[in-house]
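Subject: the structure we talked about

Hi,

Here is the structure I promised to send over. Have a look at it first, and then read on for what turned up.

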Amino acid sequence: MSRLVAVSNRIPLGDNPSGGLVVALQDALRTSGGLWVGFSGETVEDPAEALAFHEGAAFQRASFDLTPQDHDEYYLGYSNSVLWPVCHGRADLMRILPEYLDGYRRVNERIARLLAPHLREGDRIWIHDYQLFPLAGELRKLGVRGPIGHFLHIPFPGPADCATLPNPPELFEWLSHYDLLGFQAQRDLDNFAASARSLTDAEQVSDHDFRIADRHIRAGVFPIGIDADSFVAEAEGAREEDRMRSLTGSQMMIGVDRLDYSKGIPQRFRAFQYLLENDPSLTEQVMLLQIAPPTRESVEAYQQIREETEHLAGRINGQFATVNWTPIRFIHRPIPRNELAGLYRQSRVGLVTPLADGMNLVAKEYVAAQNAADPGVLILSRFAGAAEAMTEALIINPHDPWELAQAMQQAIAMPLDERRDRHAALLRGVVEQDVGWWSATYLRALAQAPG
Ligand code: ADP
Ligand code: F6P
């Protein structure tokens, strides 16, 4: 079997990585072995022009540093102030500076230069996410001919959103150098096809085959999964029960998200506020635990979402708290995975209410962590990629606080039989389409892609 070389912006070098991509890729590489290359997280004025190799994992890891300017323009700039808002339907939050696109191209070119000397004949190269769209083209320029696949962890924008990018056709030029494009959901593949047709002279040859700039590209849907078995084991081993019971004495609803405007956290808080306003019997009976570590804090839109959520939580707590009870507990720290699993298991309701999301692994983790004999209820936004398969969750529109508040009430009151039926069906999907299934299915398709 040829070697797998995975490249992503972020690579976990420490403990407790958060973010769906690192959690999933770590699980995939642990099984298959290979090399994982990514940004170290360090910015230095004069970074080494060579990859640094790290010991201590079941697979090889190699990282590179960035200059502060590269970090500003490539990561905070084009990746997270242009592509991220556009892909999440928030072009209004986009901030375009001319140097962002230059920095994005420059860093991708540099990563290709650092990586190329370590590639071997026959390697399968798997590039991840929106930070690295141009990487295949840069590797091709350096003579790399083997199979290169891309997997997009976030939504692909439709034609109207794509058109707001600084240079829309360039996105498709970047993508034309891949042999296989992987998307989280059918919705993303449909958006890709519609945007390519409307913004370029790409030709769609079949449901999965496209001709762009004289190259044949295959595209498919590969919904990402979790390491379900190990998550079930973590949750069963967790001993959080007693601690949480003594902490709250009430039913718990849980939200676990990076503190991102795409995650719908203010909408969730407002719905909880409506719930408490409309059903005073829930006073001291239900609490919302929101775990949300901040990311991308130098980007203004992230500073705003932090202020907005903290302000809202403070206001709701001020309005409803009693001497014995705080309705919203808001934690900004990363939490070790086994502890997280225990918290999911203790929560009667899992709240996954993004306004837009590629997949959302928290939805799958919540289901895997439940006690099958007395499981909690997943409330899931219809705008998460996960909603395409997890139809037994309570599917809601997160923009409608009344609908969400009603779903919270329904989940809290749901009879045991119904909870068990819904959970059994959801768990089956989470276990069948786990992270191993995801990477194996993707890599099989890459091996068969026309190239
Ligand atoms: P995204 O990729 O946008 O961050 P996902 O829901 O797909 O969203 O993935 C988030 C991942 O990060 C999950 O595996 C989740 O458990 C993990 N995570 C999120 N918040 C925390 C936290 N506070 N501590 C530890 N892990 C976290
Ligand atoms: O899954 C989407 C994603 O942007 C990943 O590419 C990224 O690793 C993760 O979320 C966390 O974001 P960041 O690395 O910017 O903190």
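Let me start with a question: which residues does Leu380 touch, not counting residues up to four places away in sequence? They are Val352, Ala363, Ala386, Ala387, Met390, Ala393, Leu394 and Ile395. Before going further, please keep in mind that this is a predicted model.

As background, nonpolar side chains tend to be buried together in soluble globular proteins.

**The chain as a whole**

There are 16 helices and 16 strands in the chain. Its radius of gyration is 22 Å, close to the 22 Å that the globule rule gives for 451 residues, so the chain is as compact as a globular protein of that length. The C-alpha trace spans about 65 × 45 × 45 Å along its principal axes. Of the 451 residues, 49% count as buried. If you take the contacts with a separation of 6 or more, 77% of them are between residues 24 or more positions apart.

Where they meet, 23 residues of domain 1 are in contact with 21 residues of domain 2. On the domain 1 side, helices H1 (20-32) and H2 each supply at least two of the touching residues. By class, that side has 10 nonpolar, 12 polar and 1 charged residues.

**The sheet**

Next, the open sheet. It is formed by 10 strands in the order S3-S4-S2-S1-S5-S6-S7-S10-S9-S8, with mixed pairing. Strand S3 (52-54) and strand S8 (203-204) stand at the edges with a single partner strand each, so one side of each has no neighbour in the sheet. Strands S1 (residues 4-10) and S2 (residues 35-43) run parallel and are joined by 4 bridges; Arg10 stands opposite Phe39 in S2.

S8 and S9 pair in the antiparallel sense over 2 bridges, and a hairpin of 4 residues joins them. Gln204 stands opposite Phe210 in S9. S9 then pairs with strand S10 (residues 215-221), again in the antiparallel sense, over 4 bridges. Here Ile212 has Arg215 in S10 as its bridge partner.

Which face of strand S9 (residues 209-212) is covered, and which is uncovered? Phe210 and Ile212 make up the covered face, while Asp209 and Arg211 make up the uncovered one.

**Turns and loops**

The hairpin of S9 and S10 has 2 residues between the strands, and Ala213 there takes a positive phi near 45 degrees. Asp214, in the loop between S9 and S10, also has a positive phi, of about 65 degrees, although it is not a glycine. Asp214 counts as exposed because it has 6 C-beta neighbours inside 10 Å.

Another positive phi, near 50 degrees, is found at Arg296, in the loop between strand S12 (286-291) and helix H11 (300-320). Arg296 is partly exposed, with 18 other C-beta atoms within 10 Å. For context, most residues other than glycine have a negative phi.

Is Ser176 buried or exposed? Ser176 is buried, because 22 other C-beta atoms lie within 10 Å, even though its place is in a loop, between helix H6 (168-175) and strand S7 (180-183). Leaving out residues up to four places away in sequence, Ser176 touches Ile212, Ala213, Arg215 and Ile217. Ser176 and Ala202 are 26 residues apart in sequence and 9.7 Å apart in space, C-alpha to C-alpha.

**One more helix**

Finally, helix H12 (residues 337-346) is mostly covered, with 8 of its 10 residues buried. Among them are Arg337, Tyr344, Arg345 and Gln346.

Cheers

How values were computed. Residues are numbered from 1 along each chain as its sequence is written. Chains are lettered from A and ligands numbered from 1 in the order in which they are written. This is a predicted model: local features need pLDDT of at least 70, side-chain atom pairs count only at pLDDT 80 or more; totals for chains, interfaces and linings use all residues. Two strands pair if DSSP finds at least two bridges between them. A residue is buried if 20 or more other C-beta atoms lie within 10 Å of its own, exposed if 12 or fewer, and partly exposed in between; C-beta atoms are placed from the backbone. Two residues are in contact if their C-beta atoms, placed from the backbone, lie within 7 Å. The radius of gyration is taken over C-alpha atoms; the globule rule is 2.2 Å times the number of residues to the power 0.38. Ala, Val, Leu, Ile, Met, Phe, Trp, Tyr, Cys and Pro count as nonpolar, Asp, Glu, Lys and Arg as charged, and the others, Gly among them, as polar.
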